[in-house]
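Reader: Please take me through a few helix contacts, a cavity and some backbone features of this structure, with the terms explained along the way.

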Amino acid sequence: MRLGVCYFPEHWPSEEWERDVAAMADAGLEYVRMAEFSWGVLEPERGEFDFEWLDEAVELVGEYGMQAVLCTPTATPPKWLVDERPSIRQESPDGTVREHGSRRHYCFNSDAYREETARIVERITERYADSPHVAGWQTDNEFGCHRTVRCYCDDCADAFRTWLADRYGDVDSLNEAWGNAFWSQQYGSFGEVDPPGPTPAEHHPSRLLAYARFASDSVVEYNRLHADLIRDADPDWFVTHNFMGRFPTLNAYDVSEDLDRVAWDSYPTGFVQDRFDGEASPDQLRAGDPDQVGMDHDLYRSALDRPFWVMEQQPGDVNWPPHCPQPGEGAMRLWAHHAAAHGADAVLYFRWRRCLEGQEQYHAGLRRADGSPDRGYGDAECAAEEFAALDGVGHVDAPVAVVFDYDSLWTLDAQPHAPDFDYWALQEAFYGAVRRRGVQVDVVPPSADLSGYAAVVAPALHLVTDETADRLTDYVAGGGQLLFGPRTGVKDAENKLRPAPQPGPLADLVGATVDQHESLPRRLETAVRRVGALDADGDADGDDLTSPSLSFRTWAEWLAPDAAEPRYAYDVDGPGDGRPAVVANAVGDGDVTYCGAWPGSELADALVSGLLDRAGVRRADPLPDGVRAGYRGGHTWVTNFTSDRLRLPGIDSGSLAVDDADREVVDAGSGDSQEERPADGVVVGPYGVAVVEGDRVDGLRVTRT
């Protein structure tokens with residue numbers, strides 16, 4: 001596990017560079033990312049290149065024992081290029097052209113921009129092909145940031161028509177696949193199909209899905225252009241890209257196929273404000289939410305099933321969310337450890353120094369604008385010391401997979417059927433229940449090989465093909481334990497309802513179908529109760545009416561069991577009262593559970609704990625909100641995203657990994673020495689972390705002091 005930083009030498013006088021780089025090395029940093037926004041400096045006018053400044057910066061990094069990660073600078077085409085070739089700019093659905101003046105204003109399908117991309121990438125990679133100080137390359141920067149995956153210009157219209165022709169062969173097949181007889185939406189040729197622009201009513205859902213797939217594929221092709229050119233220059237370099245958290249328009253699994261490692265940019269206190277289902281708590285505003293960040297860690301690690309990087313780690317306060325509260329004391333160290341627990345090999349803080357100009361002046365760095373240390377610098381320095389004391393961290397071997405499907409995300413975004421229905425939040429309801437038990441999770445696409453997992457959770461597999469249904473059936477029949485969430489098996493691959501009850505091709509596996517569904521506002525009381533068998537009317541019998549009610553929200557499906565047995569029934573004031581909400585079915589050597597409601601935390605925990613027990617997965621006692629644990633490479637991490645002091649009963653100080661060979665401090669959060677520790681368990685301080693030797697998740701208990 002290594003730490004690094006993002007640096008912009010072009011923003012500072014060259015006489016300050018060595019001071020900066022020396023301080024990076026003194027902090028124990030090992031990687032320095034540079035040049036992702038530097039096209040205008042590298043080529044101030046066409047054909048006139050200036051590499052000397054970057055040469056000097058790369059050499060300095062190497063002289064101080066670190067390695068450079070360089071970036072292709074295509075996220076910010078310079079003004080002279082925009083003026084020469086204005087067709088490279090993106091267009092919004094209403095035809096508004098995105099002008100020069102910020103970043104990410106180019107079109108992925110512009111032949112002109114692909115030509116210019118090849119030219120600059122070839123030139124910069126050839127320049128550093130023989131440098132011993134360059135470890136690898138990042139392609140572009142944050143594909144899709146600022147809602148820029150989907151462009152609607154003429155180049156995209158032409159490329160979309162070609163994409164459709166390749167997919168469907170002839171326009172009659174497209175009309176049939178989409179169901180274009182509805183509202184007279186048939187096409188006479190592929191040339192008639194436009195990108196989905198403004199309309200009085202909503203667009204055809206199949207057309208929207210097709211455009212979402214096409215736009216994501218366009219980014220895949222553009223990224224491949226970069227990756228191929230980088231490898232042509234030096235096949236020993238690694239190639240990565242820095243994805244962002246919860247970007248809804250880009251299939252990261254597809255882009256990752258052309259990468260050697262996956263990276264992403266983590267900003268916990270920003271994400272919890274603009275990508276969170278609900279109002280952030282005070283602790284979340286200071287440290288973020290461990291499951292929100294953790295699900296991204298696990299998705300990007302799982303994309304290639306190998307350690308990932310955090311290419312940008314929040315270093316302090318940031319400029320872009322609605323508010324910028326100062327992170328809790330120690331949070332910048334906590335986030336690095338949390339990433340390590342989820343499988344990160346490197347964490348790079350963004351940025352080194354707060355800048356003096358431009359749009360990010362209010363974005364903190366590890367150092368202040370004058371070069372003096374800021375709050376994050378001490379955290380980074382401490383984390384580097386602690387990681388140096390760990391002898392490797394190894395691979396994350398997750399016993400549970402959570403299935404994440406971009407096609408289902410896109411279709412449910414287009415037709416949520418409830419204003420508060422959010423695919424990410426539904427995923428997290430199930431994902432968080434697994435993580436609450438300290439169990440490591442892979443977040444995988446539906447195409448993943450599931451045979452190595454003891455248990456699989458598919459929270460909302462909305463689009464299901466016959467092939468996917470067969471694979472899931474084989475998994476369960478072979479002894480797998482499977483948990484489905486609501487809105488599963490609703491549509492076919494083209495986003496059309498099937499002429500069969502939900503869950504369509506999964507009905508035999510589930511042993512039940514969906515009779516009715518409803519979406520419910522939060523002002524209605526929504527709960528389920530544990531039940532046994534059904535009565536003669538098909539309702540769950542009332543023998544267990546005394547069992548406690550567990551809450552659900554937003555979505556409810558009334559299930560009609562066939563081979564399956566009911567486990568929970570609705571306890572509501574309405575026509576669904578008593579109808580089965582959760583059913584279970586044994587298939588071959590395994591079991592499948594279908595939950596037709598969006599579960600609250602207690603219901604999700606009950607379903608997940610039963611799943612883990614049946615699968616034989618060792619687990620912790622329920623962890624407090626904001627506290628998570630994970631095992632990796634001989635160590636268990638306990639991370640505390642709260643302002644509370646925690647105790648780990650039964651774990652004495654001798655079982656902890658020492659974070660610095662010259663000190664006896666073994667708890668990265670509390671600051672207590674071994675001599676100061678109570679005998680009844682290790683203390684973890686607010687926004688702190690403990691690293692415990694061995695796999696201590698099974699039966700782990702965490703209490704508040």
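Author: Helices (H or I, at least four residues) and strands (E, at least two) are DSSP runs, numbered from the N terminus. The model is predicted, so that local features need pLDDT of at least 70 and side-chain atom pairs count only at pLDDT 80 or more, while totals for chains, interfaces and linings use all residues. Residues are numbered from 1 along each chain as its sequence is written, and side-chain values use heavy atoms, with hydrogens and water left out.

Reader: In which loop is Arg-487 found?

Author: Phi of Arg-487 is near 60°, a positive value in a residue other than glycine. Most residues other than glycine have a negative phi. Arg-487 is found in the loop between E13 and H18.

Reader: Are H6 and H8 roughly parallel or roughly perpendicular to each other?

Author: Axes are lines fitted to C-alpha atoms, for helices over the stretch in contact, and angles run from 0 to 180 degrees between N-to-C directions. The axes of helix H6 (residues 154-168) and H8 come within 10 Å and cross at roughly 105°. Angles under 35 degrees count as roughly parallel, over 145 as roughly antiparallel, 65 to 115 as roughly perpendicular and the rest as oblique. H6 and H8 are therefore roughly perpendicular.

Reader: How many charged residues are in the contact of H6 with H8?

Author: Contact means heavy atoms within 4.5 Å, and among the residues that meet are Trp-163 in H6 and Phe-214 in H8. Ala, Val, Leu, Ile, Met, Phe, Trp, Tyr, Cys and Pro count as nonpolar, Asp, Glu, Lys and Arg as charged, and the others, Gly among them, as polar. The contact of H6 with H8 has 8 nonpolar residues, no polar ones and, as charged residues, 3.

Reader: Which helix gives the most to the lining of the second largest cavity?

Author: On a 1 Å grid over the protein atoms alone, a cavity is a set of points where a 1.4 Å probe fits but cannot get out, and lining residues have an atom within 4 Å of a point. The lining of the second largest cavity includes Cys-107, Tyr-211 and Ser-218, and by class it has 8 nonpolar, 2 polar and 1 charged residues. With 4 residues, the helix that gives the most to this lining is H8 (residues 205-233).

Note on methods:
1 Å grid on protein atoms, 1.4 Å probe; cavity = no way out; pocket = protein on both sides within 12 Å on 5 of 7 lines; lining within 4 Å.
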